[in-house]
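Please keep the sequence and the 3D view open beside them.

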Amino acid sequence: MGKMALHWQILLGMGLGIALGLTAAQFAGGSALVVDWIKPFGTIFINLLKLIAIPLIVVSLIKGVSDLKDMTQLSKMGIRTFGLYILTTVLAVTVGLVLVNLIQPGNFIGEDTRQEMLTSFGGDVQLKVDEANQTQEGRGPLQPLVEVVPENIVGSMADNGNMLQVIFFSLLVGVAMISLPGERVAAFKKVSDSANEIVLRIVDLIMLAAPYGVFALMAALIAEAPSFDVFKALGIYALTVVLGLAFLTYGVYSFFIFFLGKMNPVDFFRALIPAQLLAFSTSSSAATLPVTMDCVEKNLKVRKDVLSFVLPIGATVNMDGTCLYQGVAAVFIAQVLGYDLTLAQQLSVIVTATLASIGAAAVPGAGILMLVIVLESIGVSPAGIALIYAIDRPLDMLRTVVNVSGDSMVALVMDRTTSSGDTPELPADTPVEL
C-alpha cells in the first residue's frame, strides 16, 4: 500500500479528533482529559509553525526580491500585488454587507437568547475590548504607517505580531541587493539561498507532525465547545458568513483564476487542499504560510520570485475572509442591539475593515480585535461581540481558509500577468501533486 497523501492524513486526523472530542464530551471529566492531555500536542504543533514563520518570511522575501532583474520589475509587481489585494478586500466586505442586509440574521435571535449570550461571554469580550482600546489609545491617523518601520529589527522578529515590520526590513534588504552589482552581493546571495533551502526543509520536517497536530487541535476544539443551544441560536448568522465566504471563494476568486490566472478553478482549489486543511485546523494564515508556499510552487507551478514576494505579504495584509466576516458581524450585532445603520455608516465599515486588515496579526482571534475597531467606528457598542463569541472560532477556521485561498489566487494571477516567459502553464490534463 502506497504512502497516504498529506491531505488524506490531515483529513483522517481531523475526523479522529472530532470523534474523540464528541466522545469525551459525553463523560464526566472527559473534556478536561482532552484539554490536559491531548490539546498540548496541538499547541506544540502550532508553536512549531509559528517558530518557522518569521525565518520563512525573511529568507523567502529576500530571495524573491533579489531574484528579480531590476527595480522596475519590483515596482511593477508591488503595485499590482497591493492593488489586487485592496480590490479583493473591498469586494469581500461588500459581499458581506449585501448578504447580511438581505438575510438580516439579527431578527432571528430572541431577547432571552440575546441576554444569555451577553451574560455568558461578556467577561471574555471585555478583555478583547480593553486590549483593542489599549492598542488604539493615542493613535494618530498616520500611526499605522509609523508602525511599519521598526526601530529594532531584532525586537520585531521576537514577536509574530510584528510581521509587517519584518516584511519591510526583508524588502529593504532585497532592494539593496538588486541595486548593487551582482559580484558584490554574490556571497550573501548564496547564503540567503542556502538559508531558504534549510528553512523549507524544516517546514517539511514539521509537516510530518501535521496529522497528529490537527488531531489534537480538533479534539480540543470540540471538547471545549459551548452548548449546542447557543450554536443553534447563531445558526442564521453563521450561515450568512458561510454563504459569503463560499461566494467570495468560488465566485469572485474563480473569476480571477479563470480570466486572469488562465486556469481551471477546479484544478486550482484541488491543488490547495493541503494548505486549506491546515488553515482550517490552525486558524492562522501565518502558520499555514509554509504549506501555502509549497502548494503554490509545486501544484500551481507559480515561479519562486513571484510567490516569495506575494505570499508572505499576503499573509499579513490580505485578509479577505476576515474582512467579509467584519461586515456581516458588525451589521448583525447592530441589528440585534437595535441600531439602525445608515448607508454612510455601512460604507464606513468597508473603509475601516479594509484599513484594519492591513498589518493585523495573522493569528487566531485577530478578527475579534479588528471587529472592536470596526464597531467603534460606526458607534455600536463593542460589548455586542459577546453575541457572536461562542461561534467565532469555527468561523475563524473557515475565513482563514478563504484568506489563504485569496493569497494563492493573487500569486497565480501575478505569475500569469507579469512578464517572465519562463513559467509554463498547466495543461488541462496535468495531474496535481498533493
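1. In which helix is the place of S156? S156 lies in helix α7, which covers residues 153–157; helices here are DSSP runs of H or I with at least four residues, and strands are runs of E with at least two, numbered from the N terminus. This is a predicted model, in which local features need pLDDT of at least 70 and side-chain atom pairs count only at pLDDT 80 or more, while totals for chains, interfaces and linings use all residues. Residues are numbered from 1 along each chain as its sequence is written, and side-chain values use heavy atoms, with hydrogens and water left out.

2. S156 has a relative accessible area of 4% and is therefore buried (buried is under 20%, exposed over 50%, partly exposed in between, with a 1.4 Å probe and protein chains only). Leaving aside residues up to four places away in sequence, S156 touches P150, N162, Q165 and V166, where contact means heavy atoms within 4.5 Å.

3. Helix α17, residues 320–337, has 18 residues and reaches 26 Å from its first C-alpha to its last. Because 16 of its 18 residues are buried, α17 is largely enclosed by the rest of the structure. Just after α17, G338 takes a positive phi of about 90°.

4. M4 is found in the segment before α1 (6–24), and its relative accessibility of 36% makes it partly exposed.

5. For the protein chain as a whole, there are 20 helices and 0 strands, and 51% of the 434 residues count as buried.

Definitions and conventions. The expected span of a helix is 1.5 Å times one less than its number of residues.
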